[in-house]
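Visitor: Hi, could you walk me through a structure I have just opened? I'd like to ask things as they come up.

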Amino acid sequence: MESETPRVSFITILDFSEDARWLFLTESVSDLLGFEPRELLGRPALELVHPDEFSQVKQMHYDTIREDKAAALAYFRLKHKDPFKGYILCAVSRTVVHSVLVGSVSFATPGGKALQNTSTAQEVEVVTPSAKNFELRRWGDPSPMASSPSILDLTSPAACPSTDMDTSSDASSSRSRGKKPTIISFNPLPAQSLRSALILDRFSIHCTVLYCSNDLLLSTTKVLGRSFFDFVTSRTEHNVRSWIDVIKSWGVNDRGQPSDGGFGFGKFVLLLAGRDSRGENEQDTPLSRRRDARINCRMPSSPRYASHSSPGTSSRSRPPSSLSSSTTDQEVSVDAIFSGHSDGILLVLRPTSGA
């Protein structure tokens with residue numbers, strides 16, 4: 001059955017609830033797990049996790065949010081819609097982006113692709129016992145993207161609500177020893193550090209913006225449908241284009257199909273107001289194997305997106321004072337995480353520390 005499983009990856013967004021509900025999925029989920037995106041929207045992602053791995057994955061979901069993680073990778077099994085296909089071993093990436101979790105799900109296969117994924121991730125956790133060959137041992141290298149200084153100290157009693165579960169550092173260490181922590185429930189956590197996520201059309205030379213998670217850095221109404229490079233300063237555009245070209249080349253599976261390909265980290269300067277080149281971009285004909293209409297129909301409008309948000313969170317938070325509307329003509333230095341997937345390029349941005 002492994003030879004029949006498509007080597008694809010889909011982009012996903014989850015909420016902060018204890019059920020980790022699907023807020024958004026790209027269309028390749030149907031190739032990998034058999035579900036159409038509309039069948040999963042609003043439903044708990046954890047219901048697809050193998051029963052033997054449920055507790056550990058649920059704890060991992062909580063830890064990811066509490067520790068404000070980025071470019072974290074895990075290997076565990078997810079249920080296919082077809083009962084005869086059972087559970088599929090998947091590589092699941094996740095990054096906290098303000099009030100949601102953004103990431104991807106791909107078919108886990110050993111070899112060069114797995115090495116590329118694990119060696120570029122900031123953290124790798126193998127949940128499925130039979131997948132221990134995906135583990136990567138680092139030589140104590142520092143993290144390529146340090147924690148943001150704006151992250152709330154959620155470990156303090158004042159910031160972390162009372163729960164019925166163990167949230168100490170021992171929980172993470174117990175997982176590494178193979179123990180499954182006891183989980184009862186936990187409350188939705190507050191919004192985290194200032195980050196935004198974009199999905200870019202990987203089949204277009206202009207990398208048209210297909211989706212923007214919030215308005216914290218760039219105005220959603222301003223960027224959608226425009227070239228991403230309109231919002232990159234001319235002096236850093238060459239570097240960014242070369243990085244995206246590399247990510248595209250990484251994101252190809254052993255069958256020559258668009259897929260996942262690890263993480264790339266970079267720093268460049270955003271032009272918040274953008275450069276008006278819409279006339280030029282209208283000439284751009286995406287080289288997609290799918291029509292734009294199929295891609296865009298999966299992109300939720302703001303009411304639909306908000307309707308699947310967890311209580312107390314907002315997918316369109318107002319910009320903080322540091323990036324208010326009075327700064328729209330300014331340039332902002334940002335740290336970026338790039339990753340390629342079957343349905344697009346996922347780009348996570350945050351203001352550079354001290355910028």
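Guide: Happy to; here is a short tour, taken one topic at a time.

Visitor: What kind of model is this, and how are the residues numbered?

Guide: This is a predicted model, where local features need pLDDT of at least 70, side-chain atom pairs count only at pLDDT 80 or more, and totals for chains, interfaces and linings use all residues. Residues are numbered from 1 along each chain as its sequence is written, and side-chain values use heavy atoms, with hydrogens and water left out.

Visitor: How many helices and strands does the protein chain have?

Guide: The protein chain has 10 helices and 11 strands. Helices (H or I, at least four residues) and strands (E, at least two) are DSSP runs, numbered from the N terminus.

Visitor: And what share of the residues count as buried?

Guide: Of the 355 residues of the protein chain, 55% count as buried. Buried means under 20% relative accessible area, exposed over 50%, and partly exposed in between, with a 1.4 Å probe and protein chains only.

Visitor: Let's pick a helix. Is H3 enclosed or open?

Guide: Helix H3 (residues 54–66) is largely enclosed by the rest of the structure, because 11 of its 13 residues are buried. Among them are Met60, His61, Tyr62 and Arg66.

Visitor: What span should H3 have, and what does the model give?

Guide: At 1.5 Å a residue, the 13 residues of H3 should span 18 Å, and its end C-alpha atoms are 18 Å apart, which agrees. The expected span is 1.5 Å times one less than the number of residues.

Visitor: What follows H3?

Guide: H3 is followed by Asp68, whose phi is positive. Asp68 is found in the loop between H3 and S3, and its phi is near 55°, a positive value in a residue other than glycine.

Visitor: Why point that out?

Guide: Most residues other than glycine have a negative phi.

Visitor: Is Asp68 buried or exposed?

Guide: Asp68 is buried, with a relative accessible area of 3%. Asp68 and Val97 are 29 residues apart in sequence and 8.5 Å apart in space, C-alpha to C-alpha.

Visitor: Which other residue has a positive phi although it is not a glycine?

Guide: His98 has one, at about 60°. His98 lies in the loop between S4 and S5, and at 11% relative accessibility His98 counts as buried.

Visitor: OK, on to S3. Which strands does S3 pair with?

Guide: S3 and strand S4 (residues 87–97) pair in the antiparallel sense over eight bridges, with Phe76 opposite Cys90 in S4. Four bridges join S3 to strand S6 (residues 123–126), and those two run parallel; here Ala74 stands opposite Glu125. Two strands pair if DSSP finds at least two bridges between them.

Visitor: How covered is S3?

Guide: Strand S3 (residues 72–79) is mostly covered, with six of its eight residues buried.

Visitor: What about cavities, how many are there?

Guide: The structure holds seven cavities of 30 Å³ or more, and about 250 Å³ of space lies in the largest cavity. Of the 20 residues that line the largest cavity, the closest to its centre are Leu14, Ala45, Phe76, Val92 and Arg94. On a 1 Å grid over the protein atoms alone, a cavity is a set of points where a 1.4 Å probe fits but cannot get out, and lining residues have an atom within 4 Å of a point. Grid points are joined across faces, edges and corners, and a volume is the space filled by probe spheres set on the points.

Visitor: Which strand gives the most to that lining?

Guide: S5 does, with five residues. Strand S1 (9–14), H3, S3, S4 and strand S5 (100–107) each supply at least two residues of the lining.

Visitor: Now the five-strand sheet. What is the strand order?

Guide: The five strands form an open sheet in the order S8-S7-S11-S10-S9, with antiparallel pairing. Its edge strands are S8 (209–212) and S9 (263–271), each pairing on one side only.

Visitor: Which bridge partners could I look up there?

Guide: Nine bridges join S9 to S10, and Gly264 stands opposite Phe338 in S10. Five bridges join strand S7 (residues 196–200) to strand S11 (residues 344–351), where the bridge partner of Leu198 is Leu347.

Visitor: How many residues of S9 are buried?

Guide: Seven of the nine residues of S9 are buried.

Technical notes
On a 1 Å grid over the protein atoms alone, a cavity is a set of points where a 1.4 Å probe fits but cannot get out, and a pocket is an open set with protein on both sides within 12 Å along at least five of seven lines; lining residues have an atom within 4 Å of a point.
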